[in-house]
Amino acid sequence: MENKLYKKRQERLRTFLKEGSLDSIIIFGFCNIYYLTGFRGGGCIYFQDDKRAYLLLNSLYISQAKSEVNSCEIIEYKNLEESLNDIT
C-alpha cells in the first residue's frame, strides 16, 4: 500500500489521542502495527505521540522494516526500556 495511506491512518490516531487527552500510545499487536505501518514482520512495537511515530524492532527485522516501512522512523533496540526512554 501507499505511504499516504499509512500516514493518513497515523494522523487519525493522532486525532484520537488529542481528543482523548492522551500524550502517546504504544501498540504491541501485529495486526494493528501492520494497519498503521505496513510492516509484516514480528518482534516490534509501535510508538506514536502528537508529532512522531516510531517502529521499534530487534535486529532480526531491521532490513525487512527498512524495505517495507517509510511512514515512521525505524529504531533498532537492544534494550527496549532504554529505547522507549530515549524517544519519550
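**Close-up views of a predicted protein chain**

Figure 1. S71 sits in the loop that joins helix 3 (62-68) to strand 4 (73-76). Beyond the neighbours within four places in sequence, the residues in contact with S71 are N3, Y6, K7, Q10, L36 and T37. One of these, L36, is 35 residues away from S71 along the chain, and the C-alpha atoms of the two are separated by 8.5 Å.

**Figure 2. The side chains of S71 and Q10 make a polar contact.** The distance in this pair is 3.1 Å. Q10 belongs to helix 1, which covers residues 3-19, while S71 lies in the loop between helix 3 and strand 4. Is Q10 buried or exposed? Q10 has 1% relative accessibility and therefore counts as buried. Its contacts, leaving aside neighbours within four places in sequence, are with L36, T37, Y46, Q48, A53, S71 and C72.

**Figure 3. F47 is a buried residue of a strand.** The strand is strand 2, residues 44-49. The relative accessibility of F47 is 2%, so F47 counts as buried. Which residues are in contact with F47, apart from neighbours within four places in sequence? They are S24, I25, I26, R52, A53, Y54, L56, L84, I87 and T88. A53 is also on the contact list of Q10. For a sense of distance, F47 and L22 are 25 residues apart in sequence, and their C-alpha atoms are 13 Å apart in space.

**Figure 4. S21 is an exposed loop residue with a positive phi.** The loop runs between helix 1 and strand 1 (24-27). Most residues other than glycine have a negative phi. S21 is not a glycine, yet its phi is about 55°. Is S21 buried or exposed? Its relative accessibility is 67%, and the limit for exposed is over 50%, so S21 counts as exposed.

**Figure 5. The whole protein chain has 4 helices and 4 strands.** Read from the N terminus, the order of the elements is α-β-α-β-β-α-β-α. The radius of gyration is 12 Å, close to the 12 Å from the globule rule for 88 residues, so the chain is as compact as a globular protein of that length. Along the principal axes, the C-alpha atoms fill a box of roughly 35 × 30 × 20 Å. Of the 88 residues, 39% count as buried. Among contacts with a separation of 6 or more, 42% join residues 24 or more positions apart.

**Figure 6. The surface and charges of the protein chain are shown together.** The accessible surface comes to about 5,600 Å², and carbon and sulfur atoms account for 50% of it. How many positive and negative side chains does the protein chain have? There are 12 positive and 12 negative side chains. The centres of the two sets lie 8 Å apart.

Methods:
Residues numbered from 1 in each chain as written. Predicted model: local features only at pLDDT ≥ 70, side-chain atom pairs only at ≥ 80, totals over all residues. Heavy atoms only, no water. Helix = DSSP H or I, 4+ residues; strand = E, 2+ residues; numbered from the N terminus. Rg over C-alpha atoms; globule rule 2.2 N^0.38 Å. Buried < 20%, exposed > 50% of the residue type's maximum accessible area, 1.4 Å probe, protein only. Contact = heavy atoms within 4.5 Å. Areas by Shrake-Rupley, 256 points an atom, 1.4 Å probe, with all protein chains shown as cover. Lys, Arg positive; Asp, Glu negative; His and termini not counted. Charge placed at Lys NZ, Arg CZ, Asp CG, Glu CD. Polar contact = N/O pair within 3.5 Å; in protein donor to acceptor, adjacent residues only side chain to side chain.
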